[in-house]
Structures are given as C-alpha cells and as structure tokens.
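Trainee: I would like a close look at a single part of this chain, and then at how that part sits in the rest. Please take it step by step.

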Amino acid sequence: MRIKENCNIIVSHHPYADSLKDKLLKEAEIHGDLGGNRYYTNIIGKKLEVAPPQFEDAPSKKIRDWAEGLVRAEYHYPNSEKRSYDTGMWFSHYDKEDYAKVHHHLPFAIFSWVYFVNCPRGSSPLLFKSSGRRIKPEEGKIVIFPSVMRHGVPKNNCEKRITLVGNMSSRRVADPNLPEDNFMPGSASYPKRGHYTVNLPL
Ligand SMILES: [Fe+2]
C-alpha cells in the first residue's frame, strides 16, 4: 500500500552564504581528494563524505549547526529535552548528465536537508516525487524535509552543481543538571512515565 505524503518542509537562506561559498567548495575538494564515498549511494555523480574528526572546524559544520537550529526553532517547545541530531553529511557533485535516483532516507534519519553551495545556470532542481514539487536551486538556500519524502535530482545540465546534504536523527543527550545516568532507561534517576510522549514500561 502506498499513501501520498503531505509534509511541511523548511526553506531558508543563510545570511553569510556568499562568504561561506568558497570555503565550502574548498572543503568539498578536500573530501574529493580523500577518495569520496565508499558506501551505497543514489547519486549518479560524486558523493563526497564529510569525514569527522579531521574536519572538526570545517565550514560544513556551520551549515549543519544552522540546520539543526532551524529544526529546533520549528519543532521544539520551551521545555523540550536536549537532543542531538547529526547523523552524517556529504557533498554531492553533479556534472552534466548526472542525476540522483528518486529515494528516501528511511530508516536512517527523521529529517534530511540539502544546502545549495554552487548552482551555475543549468543546475537541476530538487524534485519531490510524490507531489511533483520542484525546488529551484539557489546558492545559500537550504531545504529541510522529513526523510520519508521521496526525492531526487533530474538530469543536470551544467558542470559543478554542488550541494551539501545531511541526515538528522534524534537522540537524547545527558542533561548537565541531572545525574550523569539520567537518560539511561532503568536507572534510578530515569524520568518517570508521563514526562514523555512515548510509552515507557511501568
Ligand atoms: Fe536524498
């Protein structure tokens, strides 16, 4: 059975996109020199995995942190517990005729994002397959969407369309105001049933 998505996406523009662009392109080149990606990919182009911890101060981290902040602003309420989101990111490099097959990111993430770094004339849009919506590529624009949404990149018509792409999952992190083991189920200090929207064992 298949049911169409009806999801909200976040679209925003980075205020310092111009100054970040060259730094991000340089970083993409470094990851390319390291051999790119060794894992399965839907990209018929180049997927350049961002490899921590070598690049702890990398400009890509600025985009990732900004993306996480946008998700927090959209979905967290004031008393939300602390969450950590990063589950990996990579640069996608498309030359002429390159494309990405339609895919989703389950079960690896709850949100996925695409940040447009370099979009010469002829750059393909980001396509959401179920709705047919096409997101115009614009340098400095980020699109954050539920990872369940099926998406792809139609055949590209220029050299060097480059995006930075990430997956975000949600995991609990320790609250410094509580004992260190506060987030471990079964520990004495684990919050009691009723504090969360998930069903905990009695
Ligand atoms: Fe994707």
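Trainee: What span should the 17 residues of H2 have at 1.5 Å a residue, and how far apart are its end C-alpha atoms?

Mentor: The model is predicted, so every value here is computed from predicted coordinates. At 1.5 Å a residue, the 17 residues of H2 should span 24 Å, and the end C-alpha atoms of H2 are 25 Å apart, which agrees. The buried residues of H2 are Pro59, Ser60, Ile63, Arg64 and Ala67. Viewed down the axis of H2, these buried residues fall within an arc of 155°, so they line one face of the helix. On the face of H2 turned away from the buried side are the exposed residues Asp65, Gly69, Arg72 and Ala73.

The next point is what the buried face meets. The buried residues of H2 pack against H1, S4, S6, S9 and S11. H1, the other helix in that list, also has 17 residues; at 1.5 Å a residue they should span 24 Å, and the end C-alpha atoms of H1 are 24 Å apart, which agrees. Buried in H1 are Leu20, Leu24, Glu27, Ala28 and His31. The cover over the buried residues of H1 includes strand S3 (46–49), H2, S4, S6 and S11.

For valine 114, the contacts beyond its neighbours within four places in sequence are Leu126, Val143, Thr163 and Val165.

Now the setting in the whole chain. Its secondary structure comes to two helices and 11 strands, and along the sequence the pattern reads β-α-β-β-α-β-β-β-β-β-β-β-β. Of the 202 residues, 27% count as buried. Among contacts between residues at least 6 apart in sequence, 76% join residues at least 24 apart.

Some of the strands form an open sheet of five, in the order S2-S5-S10-S7-S8, with antiparallel pairing. Its edge strands are strand S2 (43–44) and strand S8 (133–135), each pairing on one side only. Within this sheet, strand S7 (residues 126–128) and strand S10 (residues 151–153) pair in the antiparallel sense over two bridges; leucine 127 has glycine 152 in S10 as its bridge partner.

Valine 148 lies in the loop between S9 and S10. Not counting residues up to four places away in sequence, valine 148 touches Glu5, His104 and Leu106. Valine 148 and glutamate 5 are 143 residues apart in sequence, yet 8.2 Å apart in space, C-alpha to C-alpha.

Technical notes. Residues are numbered from 1 along each chain as its sequence is written. This is a predicted model: local features need pLDDT of at least 70, side-chain atom pairs count only at pLDDT 80 or more; totals for chains, interfaces and linings use all residues. Helices (H or I, at least four residues) and strands (E, at least two) are DSSP runs, numbered from the N terminus. A residue is buried if 20 or more other C-beta atoms lie within 10 Å of its own, exposed if 12 or fewer, and partly exposed in between; C-beta atoms are placed from the backbone. Two residues are in contact if their C-beta atoms, placed from the backbone, lie within 7 Å. Two strands pair if DSSP finds at least two bridges between them. The expected span of a helix is 1.5 Å times one less than its number of residues. The arc is that of the directions from the helix axis to the C-beta atoms.
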